[in-house]
Amino acid sequence: MPSNSPDLMGSPHDAADTPDGLTGRTSHEPSAARRRADAHPAGPEPSPAPSPERADPIDPNPSPALRAPTAADPGTSRGYRAVFAVREFRAVFTAHLLSLMGLMVSELALTVLVYDLTDSPLLSALTFALGLLPYLIGGTLLAGVADRYPARRVLVTCDLLCAGCVAVMVLPGTPVGGLLALRCAVALVSPVFTGTRMAALTDILGEGDLYVLGRSLLRIISQSALLIGFGAGGVLLTVVSPREAIAITVVTFLSSAALLRFGTRNRPARTGDSGDGGNLLKDSLAGARTVFADRRIRALTLLFWVPPTFVVAPEALAAPYADEIGAGRAALGLLMCSMPIGNIVAELYVGGVLTPRARSRIVLPAAVAGLLPLLLYGLRPGLPLTMAALALAGVGAAYVIGLDQWFVEAVPEELRGRAMTLQTAGLMTVQGIGMALAGLAAEFLPVHQVVAGAAVIGTVCTLLLVREVSRTASAPRIRTEVRDSDDQHMTSG
């Protein structure tokens, strides 16, 4: 089950020191394995007891056929082909593609259905807004799910829940209020699914170059879905009714669940499974506090969030800007496609051509430069130059590829699911806030000035954040402690 975002936010253990991304020198931070050893008392870890009712017991040691390849030298890249050589990733990739395309179609169909039932543009627009609003709630209060339960169980359960919600949408008697509530329910579990999948990729691909390339591939698919998903949905709605189009999503969610259930290993949870919902809420909030108490993790998380907060301004204001420059509504699609195209091209080049060390070196410069092309809006250029500026802004988002590696190295394994769920939820939230602020500013200022101003403010904020990231590159790391006695064992499922 995908998130509503283009996953802008999507590895074998490196035995050697990894690049710090600032000067090309090696970092002296402890490895992920060392941090995990420091976080727990010495002594053998208890083995998980097999559950009597489980037909497919958890296997903490996958067979060699499924185990991620060993890490490559940090100065070399094995490219996307090496990622597809991992059988489990192929299942995750295909599941992501199926459910993402289905969700794009269902969002468009649901918008049309609500408008047909109410004749209300406001309620129709709310179907998109409700895909963003629950992210912060789900990502904050349910983040603990990603670490407390086996990843495969969480992913399959989320897909089945979404399939059930969408199936109810298809029923003719479902009122408009029910449709919107079900849309909220799907959005509520989306950050849990996305964060769990991101953390699970480190189990499937390890923590090195393969993880970075795997996340890159998922982002490429998400960006591509923005280009073709809504178009395919529009064509489909000329042939079938909105409810029939929504029904297709039920099949895609179920297919995704089947691929994840039978195509991935059943690994143990990262922390204990107490089955206590109250403790889950407490654990989620405690995990958020622990994640943001670490200066390095906090700085990296903000670097994921800050540039996208401002780069959404031209997309949010694409329609009024097209009118402002006299390009007409026909140019709207070209404006909306330009940034995703730039991002896809950059992902393919940076992920497929550059070495891991080179990707690490460009993180901070690319983050700073990413918003600068939008300064061209200040001159109110015509359509061709505007499209070029948007494409270049999309290229700037390639800094995330190297940032993925820094983030997974900084987060201890026992916090990884919660940290990645919070990262996803925060990204969706800040993008929604960025769109709203851009729209509010455009009520008082010309659109081209709003976009150029967002570029200036965003670049200044990013510069300040880059300074903080640089300072934390070699800062002492905090060690996470086991929260309570319930978390000192590995769950059996």
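Modeller: This is a predicted model. One label to begin with is a nonpolar surface patch of about 510 Å², made by Leu372, Leu375, Val456, Ile457, Val460 and Leu464.

Colleague: What makes Leu375 partly exposed?

Modeller: Partly exposed covers the range between buried, under 20%, and exposed, over 50%. Leu375 has a relative accessibility of 37%, so Leu375 counts as partly exposed. Patch residues need over 30% relative accessible area. Leu375 is found in the loop between α17 (363-369) and α18 (383-396).

Colleague: Why is α19 called largely enclosed?

Modeller: Because 12 of the 12 residues of α19 are buried. Among them are Tyr399, Asp404, Gln405, Trp406 and Glu409.

Colleague: Why is Arg267 called buried?

Modeller: Buried means under 20% relative accessible area. Arg267 has 13%, so Arg267 is buried. The residue lies in the loop between α10 (242-263) and α11 (277-293).

Colleague: What makes the pairing of Arg267 with Glu88 a polar contact?

Modeller: The cut-off for such a pair of N or O atoms is 3.5 Å. The side chains of Arg267 and Glu88 make their contact at 2.7 Å.

Colleague: How many helices and strands does the chain have?

Modeller: The chain has 21 helices and 0 strands. Of its 493 residues, 54% count as buried.

Methods:
Residues numbered from 1 in each chain as written. Predicted model: local features only at pLDDT ≥ 70, side-chain atom pairs only at ≥ 80, totals over all residues. Heavy atoms only, no water. Patch = residues over 30% accessible without salt bridge, like charges linked within 9 Å, V, L, I, M, F, W, Y side chains within 5 Å. Areas by Shrake-Rupley, 256 points an atom, 1.4 Å probe, with all protein chains shown as cover. Salt bridge = Lys/Arg side-chain N within 4 Å of Asp/Glu carboxyl O. Helix = DSSP H or I, 4+ residues; strand = E, 2+ residues; numbered from the N terminus. Buried < 20%, exposed > 50% of the residue type's maximum accessible area, 1.4 Å probe, protein only. Polar contact = N/O pair within 3.5 Å; in protein donor to acceptor, adjacent residues only side chain to side chain.
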